[in-house]
Amino acid sequence: MPHLFDRYTIRGVTLRNRIVVSPMCEYSSEDGFANDWHFVHLGSRAVGGAGLVLTEAAAVTPNGRISPQDLGVWSEKHFEPLARLNHFMAGQGAVPGIQLAHAGRKASTHRAFPGEPTGEVKPENGGWQVVAPSAIPFSKAYPQPKELTLAEIADLRAAFVIAAARSYEAGFRVIELHAAHGYLFHEFLSPLSNRRTDQYGGSFENRIRILTETAAEVRAKLPDGAVLFVRLSATDWVPGGWDAEQTVELARKLKTCGVDLIDVSTAGNVEKAEIPVGPGYQTPFAEKVRREAGIATSAVGLITDPAQADHILRTGQADLVMLARELLRDPYWPLHAAQALGHATTWPAQYLRAAPKGSTAHAAL
Ligand SMILES: Cc1cc2nc3c(=O)[nH]c(=O)nc-3n(C[C@H](O)[C@H](O)[C@H](O)COP(=O)(O)O)c2cc1C
């Protein structure tokens, strides 16, 4: 079985190891634009040795932003700073990836910075009317959504397709559709947030339709060498909600739409769910999807220790591991993990004098 520092090739794109920077909102944009913060933040993690660096959720329309400070990609202009960043990251040997998103009923909220206000940003304070499959708010503190019309659903699908095509042109080689954490696609998937009576609601086939259509349309627009991930919440963690069995069935369908890997997370669509949080708590879902749907998966959620990450791969529970908070604590986690596991890995040429003896420099992609 592969280990953490084995290469991973998917659709001709080769990651230098199995370590992925999980998408993390930085709430640091103005009008959706990437800036110096994104360059330093994501660039550091490429220098730090991750195989794949995914951006935070990038909104495909302005009303798809979680907060007014979210990254956005609804115009060609938004890709200019991202293309520069991608050039830098590829030069450090890291594959650039982007997470495309629409926050649905969880849009127009305050950025999640501890100590700052939470909940809805009202239109008079720079917020906006939010949209969702059904007119059901996430919670009392969240905005009241308007139910999407069929024409608006078609426009949204088109927005994802345009953003995906532009992403590839800007140098992203992995495109991830964010269908987890209670945002727009997840809201359609879960019967708790989708009460529609048309072809996008009701039966399982109808609830998954917007996502399978979008994935197939994105795939059709991308070159063969572009890798397509979908992030799913494998369960709502409440009875009667979205669950692991439906996730497996959906993963099978997404595979036929040309999706290459399911990034398996959980939760986010229900305000008060009891979640058994602990080391690697979501990994069993990644394993289940991988085995039962026969598609590559990534595991995420409280993966912090090199041996733990390595074990997930060696036991075939997932093909890649994603780390979020641990990579905030230590952007050089991959370099340190290689030392801990006794693997040779490359270092930035500029830092070789501090690297273990015999290390070589990162090779550009
Ligand atoms: C600051 C922060 C921002 C996040 N933003 C996103 C995001 O934009 N998209 C997403 O899918 N998940 C987001 N997440 C979730 C992470 O990608 C990850 O799934 C979660 O933190 C669990 O992994 P961890 O235990 O390694 O932190 C975010 C997490 C953090 C800590």
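1. Helices H8 and H10 lie roughly perpendicular to each other, because their angle falls in the range that carries this name (65 to 115 degrees; under 35 is roughly parallel, over 145 roughly antiparallel, and the rest oblique). The angle is about 80 degrees, and the axes of H8 (residues 306-314) and H10 (residues 333-341) are 9 Å apart. Pro306, Ala309 and Asp310 of H8 make the contact with Ala337, Ala340 and Leu341 of H10. Five of these residues are nonpolar, none is polar and one is charged.

2. This is a predicted model, in which local features need pLDDT of at least 70 and side-chain atom pairs count only at pLDDT 80 or more, while totals for chains, interfaces and linings use all residues. Residues are numbered from 1 along each chain as its sequence is written.

3. Helices (H or I, at least four residues) and strands (E, at least two) are DSSP runs, numbered from the N terminus. Axes are lines fitted to C-alpha atoms, for helices over the stretch in contact, and angles run from 0 to 180 degrees between N-to-C directions. Two residues are in contact if their C-beta atoms, placed from the backbone, lie within 7 Å. Ala, Val, Leu, Ile, Met, Phe, Trp, Tyr, Cys and Pro count as nonpolar, Asp, Glu, Lys and Arg as charged, and the others, Gly among them, as polar.

4. H6 packs against H7 (residues 283-293) at an angle of about 50 degrees, with the axes 9 Å apart. The two helices are therefore oblique to each other. On the H6 side the contact uses Ala244, Thr247, Val248, Ala251, Arg252 and Lys255, and on the H7 side Phe285, Lys288, Val289, Glu292 and Ala293. By class, there are six nonpolar residues, one polar and four charged.

5. H6 (residues 244-256) also meets H5 (residues 204-221): the axes come within 10 Å and cross at roughly 40 degrees. This crossing is right-handed. Phe204, Ile208, Thr212 and Ala215 of H5 touch Gln246, Glu249, Leu250, Lys253 and Leu254 of H6. The contact has five nonpolar, two polar and two charged residues.

6. What surrounds the ligand? There are 20 residues around the ligand (C-beta atom, placed from the backbone, within 6 Å of it), and the closest are Ser22, Pro23, Ala57, Ala324 and Arg325. Strand S4 (52-59) and helix H9 (325-329) each supply at least two residues of this shell. The shell has ten nonpolar, six polar and four charged residues.

Technical notes:
A crossing is left-handed if the near helix is turned anticlockwise from the far one by less than a right angle, and right-handed if clockwise.
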